[in-house]
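Morning, everyone. Please look at the structure on the screen while I talk.

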Amino acid sequence: MTAPRTRPTSAAGPARTGRALALDIGGTKFSAALVDDDGRPGEPVVVPTPTENVWAACEELLLTVVADADVEPDDVIAVGIAAAGPVDTVAGSVSPINIAEWYEGFGVVDAVRALFPSAAVDLALDGACAALAEHRFGAARGYDDVLGMVVSTGIGGGVILGGRPVGGRSGNAGHVGHIVVPGSVDPCTCGGIGCVETVASGPNAVRWARENGWEGETGQDLAEAARAGEPLAVAALQRAGVALGQAISSAAALLDLDVAVVGGGFSAAGDALWNPLRETVALHARLGFLADFTVVPAELGGIGTLTGAAILARGA
Ligand SMILES: [Zn+2]
């Protein structure tokens with residue numbers, strides 16, 4: 001993830017002061033807010049992800065936020081952008097899988113700079129922003145080596161090592177949903193086969209349950225059915241929890257982590273998901289340096305990504 005590729009000095013630089021904006025470009029909604037003095041986003045303006053004229057809608061959203069606060073565009077000194085992946089933080093572009101118009105890549109950093117000429121603009125992967133937010137304000141406070149994981153329609157994530165966000169070559173480090181797990185040979189949206197996302201994202205857990213005869217529709221239905229003890233729903237969440245535990249254990253061993261923070265809508269599925277997840281981590285994360293490794297639920301819920309964008313804007 002991270003800013004550093006587009007503004008190499010920002011990650012290590014001093015905190016910025018002045019008016020800053022946070023923008024979250026998601027597959028289902030766009031949200032934007034001014035950043036408070038404490039580095040958190042204010043009340044966001046939210047719109048459904050547009051299917052056409054995507055930039056025009058995004059521009060209108062940003063200008064609405066500043067107009068509502070009587071801020072002149074020239075007075076905005078920083079904008080932090082969280083975007084659904086993949087991103088290219090070197091080119092400053094995004095190509096979210098769920099936004100067809102931008103599929104070939106859209107230069108969002110330059111477009112935002114054109115709107116706010118005085119602003120430093122930083123872009124990072126949404127999962128990375130969620131990790132950053134949990135590290136600064138949420139369940140990973142006080143830890144330096146963190147995996148953030150967002151389990152929802154897909155599975156995203158981000159990595160903090162030594163207290164710093166890790167971007168990788170193009171800003172896409174933390175795509176934890178595409179760790180391959182045993183037991184799945186299903187095709188993944190990424191073009192690969194057997195990624196943890198093919199088992200443990202909400203829609204894929206639902207798909208597996210329905211293929212086996214369950215008749216509900218959504219991840220929320222599945223969680224409720226599991227709470228009511230329906231065997232197929234329990235089995236689907238067991239399977240998802242095991243796959244998440246396997247992926248998390250692999251990441252923990254690779255990166256020597258303190259903690260994995262798991263959020264996203266489907267992570268709220270309850271004990272039927274979390275018990276097998278924790279049991280699987282206990283089974284696999286056995287190296288001595290992982291003795292204290294823990295997995296905890298995210299604390300920031302749906303605002304984590306926008307909060308991470310706000311942290312970026314303030315100079316993460
Ligand atoms: Zn994949």
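Start with helix 3, residues 126-137, and helix 9, residues 304-313. Their axes come within 7 Å and cross at roughly 80°. Axes here are lines fitted to C-alpha atoms, for helices over the stretch in contact, and angles run from 0 to 180 degrees between N-to-C directions. Helix 3 and helix 9 are therefore roughly perpendicular to each other. The cut-offs: under 35 degrees counts as roughly parallel, over 145 as roughly antiparallel, 65 to 115 as roughly perpendicular, and the rest as oblique. Helices (H or I, at least four residues) and strands (E, at least two) are DSSP runs, numbered from the N terminus.

A word on the source. This is a predicted model: local features need pLDDT of at least 70, side-chain atom pairs count only at pLDDT 80 or more, and totals for chains, interfaces and linings use all residues. Residues are numbered from 1 along each chain as its sequence is written, and side-chain values use heavy atoms, with hydrogens and water left out.

Back to the two helices. Which residues in helix 3 meet helix 9? They are Asp-126, Cys-129, Ala-130, Leu-132, Ala-133, Arg-136 and Phe-137. In helix 9, the partners are Gly-304, Thr-305, Thr-307, Gly-308, Ala-309, Ile-311 and Leu-312. By class, this contact of helix 3 with helix 9 has eight nonpolar, four polar and two charged residues. Ala, Val, Leu, Ile, Met, Phe, Trp, Tyr, Cys and Pro count as nonpolar, Asp, Glu, Lys and Arg as charged, and the others, Gly among them, as polar.

Zoom in on Thr-305, which sits in helix 9. Buried or exposed? Thr-305 counts as buried, at 16% relative accessibility. Buried means under 20% relative accessible area, exposed over 50%, partly exposed in between, with a 1.4 Å probe and protein chains only. Setting aside residues up to four places away in sequence, Thr-305 touches Asp-24, Ala-82, Asp-126, Cys-129 and Ala-130. Contact means heavy atoms within 4.5 Å.

Asp-24 turns up again in the next stop, Lys-29. Lys-29 belongs to strand 2, residues 29-34. Its relative accessible area is 34%, so Lys-29 is partly exposed. Beyond its neighbours within four places in sequence, Lys-29 is in contact with Asp-24, Val-46, Val-47, Pro-48, Thr-49 and Gly-302. Take Val-47 from that list. Lys-29 and Val-47 are 18 residues apart in sequence, and their C-alpha atoms are 5.6 Å apart in space.

His-178 and Cys-190 are twelve residues apart, both in the loop between strand 10 (164-165) and helix 4 (197-200). His-178 is partly exposed at 25% relative accessible area. Cys-190 is partly exposed too, at 43%.

Next, the loop between helix 1 (54-68) and strand 4 (76-83), where Val-71 lies. Val-71 counts as buried, at 8% relative accessibility. Apart from neighbours within four places in sequence, Val-71 is in contact with Arg-19, Leu-34, Val-66 and Val-76. Asp-70 lies in the loop between helix 1 and strand 4 as well. But Asp-70 is exposed, with a relative accessible area of 72%. Asp-70 also has a positive phi of about 55°, although it is not a glycine.

Asn-53 has a positive phi too, near 50°, and is a residue other than glycine. Its place is the loop between strand 3 (45-48) and helix 1. Asn-53 is exposed, at 53% relative accessible area.

Last stop: Gly-85 and Pro-86. A cis peptide bond joins them, with omega about 0°. Pro-86 lies in the loop between strand 4 and strand 5 (87-88).
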